[in-house]
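Here are a few exercises to work through with the model open. Try each task before you read its solution.

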Amino acid sequence: LFAAPDSLTLKPTPRSSVCLSAQASAAADAVALFSAFNALGRTGFGVLSTHLQRSRGVSRVAVLGADAALMGATMVVWALRPASALYAATALTALCYGGFWMLVPALAGDLFGEAHYGSVWGFLQLAPTLGSELLYATMSSAFYARYEDDGGACDGDGQCFRPTFEI
């Protein structure tokens with residue numbers, strides 16, 4: 001679904017151009033969906049966390065926990081990978097990431113104060129970098145290599161990356 005057009009190997013038939021444009025269109029739709037829901041997550045979780053904090057005394061940590069739980073549920077959907085739920089999973093993933101990137105800077109300021117905000121936020125920026133290197137580059141690559149065929153490709157049934165989402 002999200003394969004880059006240059007990574008596709010297609011036979012030169014009239015239907016090939018239709019398949020290629022359909023995949024490119026689906027990828028473009030997914031990127032647009034991700035962008036819109038990421039922005040919605042940033043604004044929505046910001047408004048929600050401030051409202052809950054002021055009206056009910058719910059801390060931003062609790063809202064971040066709810067965001068993480070929703071992200072965990074979304075990863076289960078990605079692991080199961082029903083084709084009918086891919087757009088919904090994309091939207092929920094983006095919503096949760098947007099919420100995370102709104103809540104964490106606010107929490108850093110709330111918990112450590114303005115005097116230490118810069119150093120704490122700089123240190124917190126290392127977590128996604130290290131996590132991406134560990135999970136994406138190392139673990140996902142190892143799972144893909146385990147399930148790929150002799151030609152170096154995955155058959156597309158989800159087995160190549162499913163264990164990554166299960167962990």
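Helices here are DSSP runs of H or I with at least four residues, strands are runs of E with at least two, and both are numbered from the N terminus. This is a predicted model, where local features need pLDDT of at least 70, side-chain atom pairs count only at pLDDT 80 or more, and totals for chains, interfaces and linings use all residues. Residues are numbered from 1 along each chain as its sequence is written, and side-chain values use heavy atoms, with hydrogens and water left out.

**Exercise 1.** Work out how many helices and strands the protein has.

Solution. Count the helices and you get 6; count the strands and you get 0. Reading along the sequence then gives α-α-α-α-α-α.

**Exercise 2.** Find out how helix 2 and helix 3 are oriented to each other.

Solution. Axes are lines fitted to C-alpha atoms, for helices over the stretch in contact, with angles from 0 to 180 degrees between N-to-C directions. For helix 2 (residues 60–80) and helix 3 (residues 86–112), the axes come within 9 Å and cross at roughly 155°. Next, apply the cut-offs: under 35 degrees is roughly parallel, over 145 roughly antiparallel, 65 to 115 roughly perpendicular, and the rest oblique. Helix 2 and helix 3 are therefore roughly antiparallel.

**Exercise 3.** Do likewise for helix 4 and helix 5, and say which residues make the contact.

Solution. The axes of helix 4 (residues 117–124) and helix 5 (residues 126–147) come within 4 Å and cross at roughly 5°. So helix 4 and helix 5 are roughly parallel. Their contact (heavy atoms within 4.5 Å) is made by Gly122, Phe123 and Leu124 of helix 4 with Leu126, Ala127 and Pro128 of helix 5.

**Exercise 4.** Is serine 49 buried or exposed, and what is serine 49 in contact with?

Solution. First the cut-offs: buried means under 20% relative accessible area, exposed over 50%, and partly exposed in between, using a 1.4 Å probe and protein chains only. Serine 49 lies in helix 1 (residues 14–56). At 0% relative accessibility, serine 49 counts as buried. Leaving aside neighbours within four places in sequence, serine 49 is in contact with Arg60, Val63, Met102 and Leu103.

Now look at alanine 62, in helix 2. Alanine 62 has 42% relative accessibility, so it counts as partly exposed.
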